Amino acid sequence: MSAADLPAGFDRHRAALDIVDPGACNPSGVALALHQACRQAIAEGVSQRDDPAVRLIGLQLAFLLNVDRILDGAEYARLVAQCTARAAERQTSPVMETAA
């Protein structure tokens with residue numbers, strides 16, 4: 001996706017404000033806006049890590065996913081163990097074919 005592929009009139013700064021106030025609650029929508037904001041920042045030559053809009057959108061996504069709990073070492077280890085187990089299960093099960 002290039003900056004030209006962004007929705008017409010997309011402004012990451014406006015999107016960030018709309019997301020944090022009143023507080024978006026759909027993680028997939030916020031993640032998509034984060035992706036679009038990152039692409040726009042890249043196209044403008046702005047550091048994604050320092051961009052205020054990217055950071056605000058990322059903050060809302062982190063809030064929705066309870067990321068503050070993951071900072072606890074035990075919670076982090078539990079999540080890694082669950083993902084490792086599920087990834088291993090999928091490796092040993094037949095891969096589903098998708099229609100072209």
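How many helices and how many strands does the protein chain have? In this predicted model, the protein chain has five helices and zero strands, and read along the sequence the elements follow the pattern α-α-α-α-α. Of the 100 residues of the chain, 21% count as buried. Among contacts with a separation of 6 or more, residues 24 or more positions apart account for 71%.

## The nonpolar core

The largest nonpolar core has twelve residues in all, including Ala 16, Ile 19, Val 30, Leu 34, Cys 38, Val 54, Ile 57 and Leu 61. The elements that give two or more residues to this core are H1, H2 and H3, and H2 gives the most, with six residues.

Leu 34 lies in helix H2 and, apart from its neighbours within four places in sequence, is in contact with Val 54, Ile 57, Gly 58 and Leu 61. The C-alpha atoms of Leu 34 and Val 54 are separated by 6.2 Å, although these two residues stand 20 residues apart along the chain. Ile 57, in turn, touches Arg 12, Ala 16, Ile 19, Val 30, Ala 33, Leu 34 and Ala 37, not counting residues up to four places away in sequence.

Helix H3 covers residues 52-64, and at 1.5 Å a residue its 13 residues should span 18 Å; the end C-alpha atoms are 19 Å apart, which agrees. Within H3, the buried residues are Ala 53, Val 54, Ile 57, Gln 60 and Leu 61. Seen down the axis of the helix, these buried residues fall within an arc of 130°, so they line one face of H3. An α-helix has 3.6 residues a turn, so residues three or four places apart point the same way. On the other side of H3, Pro 52, Arg 55, Leu 59 and Phe 63 are exposed. What covers the buried residues of H3 includes helix H1, residues 12-23, and helix H2, residues 27-43.

Both ends of H3 can be described in some detail. At its start, a side-chain oxygen of Asp 51 reaches to within 3.1 Å of the backbone nitrogen of Ala 53. Towards the other end, Leu 64 is found in helix H3 and, leaving aside neighbours within four places in sequence, is in contact with Ala 24, Cys 25, Asn 26, Pro 27 and Val 30. The C-alpha atoms of Leu 64 and Ala 24, which are 40 residues apart along the chain, are separated by 8.6 Å. H3 is followed by Asn 66, whose phi is positive, near 55°.

## Arg 12 and Asp 51

Which residues does Arg 12 contact, leaving aside its neighbours within four places in sequence? Arg 12, placed in helix H1, is in contact with Ala 37, Gln 40, Ala 41, Glu 44, Val 46, Asp 51, Ala 53 and Ile 57. With Glu 44 there is also a polar contact of 3.0 Å, which joins the two side chains.

Asp 51, whose place is in the loop between H2 and H3, touches Arg 12, His 13 and Val 46, not counting residues up to four places away in sequence.

## Accessibility of selected residues

| Residue | Relative accessible area | State |
|---|---|---|
| Arg 12 | 2% | buried |
| Asp 51 | 3% | buried |
| Cys 38 | 15% | buried |
| Leu 64 | 22% | partly exposed |
| Cys 83 | 54% | exposed |

Why does Leu 64 count as partly exposed? Its relative accessible area is 22%, and because buried means under 20% and exposed means over 50%, this value falls in between. By these cut-offs Cys 38, with 15%, is buried, whereas Cys 83, with 54%, is exposed. A search of the whole structure finds zero disulfides.

Conventions. Residues are numbered from 1 along each chain as its sequence is written. This is a predicted model: local features need pLDDT of at least 70, side-chain atom pairs count only at pLDDT 80 or more; totals for chains, interfaces and linings use all residues. Side-chain values use heavy atoms; hydrogens and water are left out. Helices (H or I, at least four residues) and strands (E, at least two) are DSSP runs, numbered from the N terminus. The expected span of a helix is 1.5 Å times one less than its number of residues. Buried means under 20% relative accessible area, exposed over 50%, partly exposed in between (1.4 Å probe, protein chains only). The arc is that of the directions from the helix axis to the C-beta atoms. Contact means heavy atoms within 4.5 Å. A polar contact is a pair of N or O atoms within 3.5 Å; within protein, one must be able to donate a hydrogen and the other to accept it, and residues adjacent in sequence count only if both atoms are side-chain atoms. A disulfide is a pair of cysteine sulfur atoms within 2.5 Å. A nonpolar core is a set of buried Ala, Val, Leu, Ile, Met, Phe, Trp, Tyr and Cys residues joined through side-chain atoms within 4.5 Å.
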